[in-house]
Amino acid sequence: MAKVEFETPPLPDQLSIPAVLPGAMAHSRPFVAKPEHQQPLGFPGELVDNWQKVALDKMDELLGRYRSLQVFLDACVKCGACTDKCHYYLGTGDPKNMPVARQDLLRKVYRRYFTVAGKWFPRLVGAVELSEEVINDWYSYYHQCSECRRCSVYCPYGIDTAEITMAGREILASIGVGQKYSNEIIGKVHTIGNNLGLPEPALANTLEGLEEEVEEDISVSVKFPLDQQGADVLLVPPSADFFAEPHVDGLIGYAKVFHQAGISWTLSSYASEAANFGIFIGNYENMQKVAQRIRQAALDLGVKRIVVGECGHAWRVAYSFWNTLIGPFDFLDPHYPAPQHICEFTHDLLYQGGLKLDREANDDKVVTFHDSCNVSRGSRLGSTPGGQFSIPRDLIRAACTHFVDMAPETIHEHTFCCGGGGGLLTDDLLELRVKGALPRAQALRQVIEAHGVTHMAAICAICKSQFTKVLPQYGMGMDMVISVHQLIGDALVFESEH
Amino acid sequence: MAFELNGKTYETDEEGYLADLSDWNNDVAGYMAKEDDCDLSEYHWEVINFLREYYDEYQIAPAVRVLTKAIGKKLGKDKGNSKYLYELFPYGPAKQACKYAGLPKPTGCV
């Protein structure tokens with residue numbers, strides 16, 4: 001296996017701002033996409049000869065397309081409010097991981113070619129030519145941003161570094177330098193329908209196995225329907241829910257909720273993926289194409305509602321972009337939100353008295369909750385402001401007696417990224433992932449020591465996989481990580497059907 | 001990338017996963033494991049053989065639950081869990097065992 005040589009930083013008692021270590025992460029670069037990962041997404045297979053012109057043309061196009069991008073590049077006054085807010089800076093000390101510095105990698109080129117001052121007096125305004133060195137820096141440091149948007153919460157102008165990172169990655173892919181991890185995955189969604197490349201027979205086999213498992217476990221025949229025409233609800237989970245642990249227990253939880261509520265539902269083998277890595281690489285066309293499969297599946301199956309599973313960025317795409325990407329949803333039942341999040345769905349049932357839970361089932365646990373960045377800062381749950389914070393906690397409290405929050409500066413809109421979001425959940429970035437998880441790991445250890453926390457619940461497949469991998473590096477168990485819907489599923493009370 | 005074994009060259013990706021599934025043989029698995037300081041026991045082989053059989057039928061590695069269930073059936077219930085599989089394959093059963101079995105690395109949020 002990839003033996004990565006690096007030292008896991010010690011967890012401090014208090015999170016402190018690290019001393020600046022220039023170039024500390026300059027070596028960190030994910031594998032570059034091969035032609036077979038690039039071309040199906042509409043990108044050139046490898047670095048094009050006239051890459052400078054192509055890159056600047058693409059920047060010009062993006063500036064025209066996204067007004068926000070130009071505002072973000074123009075507005076920064078270098079106040080420094082963002083400098084200590086990025087988990088990758090806090091974990092690595094590399095000053096280019098300060099959000100303002102990350103923005104400046106693009107901004108300095110923007111100034112040189114797109115502003116009067118930069119064209120005439122480049123040195124005075126920090127404008128530089130687009131060189132190979134700049135491109136290398138872009139590739140390295142735009143893959144050290146998880147697009148989590150924490151910095152934007154603290155920016156007095158609301159500059160969103162995530163959008164600048166997306167633009168940087170989009171330009172890189174357009175000159176032939178895409179990222180292997182994300183692009184290979186998007187290609188699999190286009191051809192097979194999910195990030196894993198899990199074909200229909202394997203999916204059906206996996207779901208049959210889960211039905212048997214639940215039946216053995218609680219003597220209730222909970223179904224995991226696939227491609228069922230005329231079901232009320234199309235559930236679109238992240239495909240990790242089919243494949244990985246602890247994710248799969250969350251999927252079992254969803255199925256138990258549907259079963260107890262008596263609502264007909266189905267999964268789709270055509271759209272078996274909520275995740276949409278198109279947003280990670282900043283490419284609108286790929287994001288739309290990935291999302292389109294879900295609209296198509298909903299139409300083909302004749303469902304009335306679409307519910308999205310526990311996947312952070314999928315919910316951001318669904319909540320914030322689906323309407324313009326693949327809407328309108330006039331073919332769905334207007335009585336329900338379109339789309340709806342599984343946590344909203346379960347929460348509604350809970351408060352209408354449609355679910356019977358017994359907290360005792362989780363009495364062996366002391367649970368805390370990790371707010372996922374895309375749900376916290378890129379979307380909302382429910383119909384009231386802050387629902388994305390209260391609804392998952394309501395669910396956990398309904399299923400568990402013992403719940404405690406982590407430190408206030410590390411939760412809600414201030415939450416720290418898990419360290420693996422935004423297309424960085426790949427082993428070739430393991431050092432970055434471990435170091436970027438430091439702020440969250442520190443807050444978690446604090447509640448373990450102070451309150452005996454045994455589990456950290458999450459509602460994002462990436463968070464779950466990332467923590468399972470990196471928490472052991474900080475001396476915490478991988479089995480601490482749990483799906484919110486596992487807690488629900490374990491607490492649901494069923495009468496044995498046999 | 002590539003490695004040489006018994007006079008034959010095996011193409012791999014950047015992380016050492018075999019480029020061509022049909023190149024695989026028992027010695028390849030043993031060689032890859034050795035590189036990771038891992039000696040393959042009969043228990044490792046149970047997992048590797050199951051992965052290959054499953055891949056042959058479904059063109060994908062089995063989900064972790066499918067794998068734990070199958071191993072539980074073969075080796076006893078106490079071994080049908082991911083804790084046991086992590087003991088065998090500390091880098092993660094899905095990724096490490098797939099590599100030795102000659103399968104592509106699982107992709108996605110896993």
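Modeller: Helices (H or I, at least four residues) and strands (E, at least two) are DSSP runs, numbered from the N terminus. Two strands pair if DSSP finds at least two bridges between them. This is a predicted model, in which local features need pLDDT of at least 70 and side-chain atom pairs count only at pLDDT 80 or more, while totals for chains, interfaces and linings use all residues. Residues are numbered from 1 along each chain as its sequence is written, and chains are lettered from A and ligands numbered from 1 in the order in which they are written.

Biologist: In what order do the strands of the open sheet in chain A lie?

Modeller: Strands of a sheet pair through backbone hydrogen bonds, either parallel or antiparallel. Here the order of the 4 strands in chain A is β2-β1-β3-β4, and the pairing is parallel. Strand β3 (residues 305-308) of chain A runs parallel to β4(A) and is joined to it by 2 bridges. Within this pair, A:V308 is opposite A:H341 of β4(A).

Biologist: Which strands does helix α14 of chain A touch?

Modeller: Contact means that the C-beta atoms of two residues, placed from the backbone, lie within 7 Å. Axes are lines fitted to C-alpha atoms, for helices over the stretch in contact, and angles run from 0 to 180 degrees between N-to-C directions. Helix α14 (residues 284-301) of chain A packs on the sheet and touches β1 (233-236), β2 and β3 of chain A. Its direction makes about 150° with that of β1(A).

Biologist: How is the packing of two helices read, and at what angle do α18(A) and α22(A) pack?

Modeller: Two packed helices are described by the angle between their axes and the distance between the axes. Helix α18 (residues 387-399) and helix α22 (residues 484-491), both of chain A, pack at about 30° with axes 9 Å apart. Angles under 35 degrees count as roughly parallel, over 145 as roughly antiparallel, 65 to 115 as roughly perpendicular and the rest as oblique. α18(A) and α22(A) are therefore roughly parallel. Their contact involves A:P392, A:L395, A:I396 and A:A399 of α18(A), with A:V484, A:L487, A:I488 and A:A491 of α22(A). In the classes used, Ala, Val, Leu, Ile, Met, Phe, Trp, Tyr, Cys and Pro are nonpolar, Asp, Glu, Lys and Arg are charged, and the others, Gly among them, are polar. The contact of α18(A) with α22(A) has 8 nonpolar residues, with no polar and no charged ones.

Biologist: How are α3(A) and α9(A) oriented to each other?

Modeller: Helix α3 (residues 67-75) of chain A packs against α9(A) at about 110°, with the axes 10 Å apart. The two helices, α3(A) and α9(A), are therefore roughly perpendicular. A:S68, A:L69 and A:F72 of α3(A) meet A:E163, A:I164 and A:A167 of α9(A). That contact comprises 4 nonpolar residues, 1 polar and 1 charged.

Biologist: How far apart are the centres of domain 1 and domain 2 of chain A?

Modeller: Domain bounds come from an automatic or database domain assignment. For chain A the assignment gives domain 1 (47-175) and domain 2 (192-491). Their centres, taken over C-alpha atoms, are 31 Å apart. The contact takes 19 residues from domain 1 of chain A and 21 residues from domain 2 of chain A.

Biologist: Which helix gives the most to the side of chain A that touches chain B?

Modeller: In this interface, 32 residues of chain A are in contact with 19 residues of chain B. α11(A) gives the most to the chain A side, with 7 residues. The residues of that side divide into 20 nonpolar, 7 polar and 5 charged.
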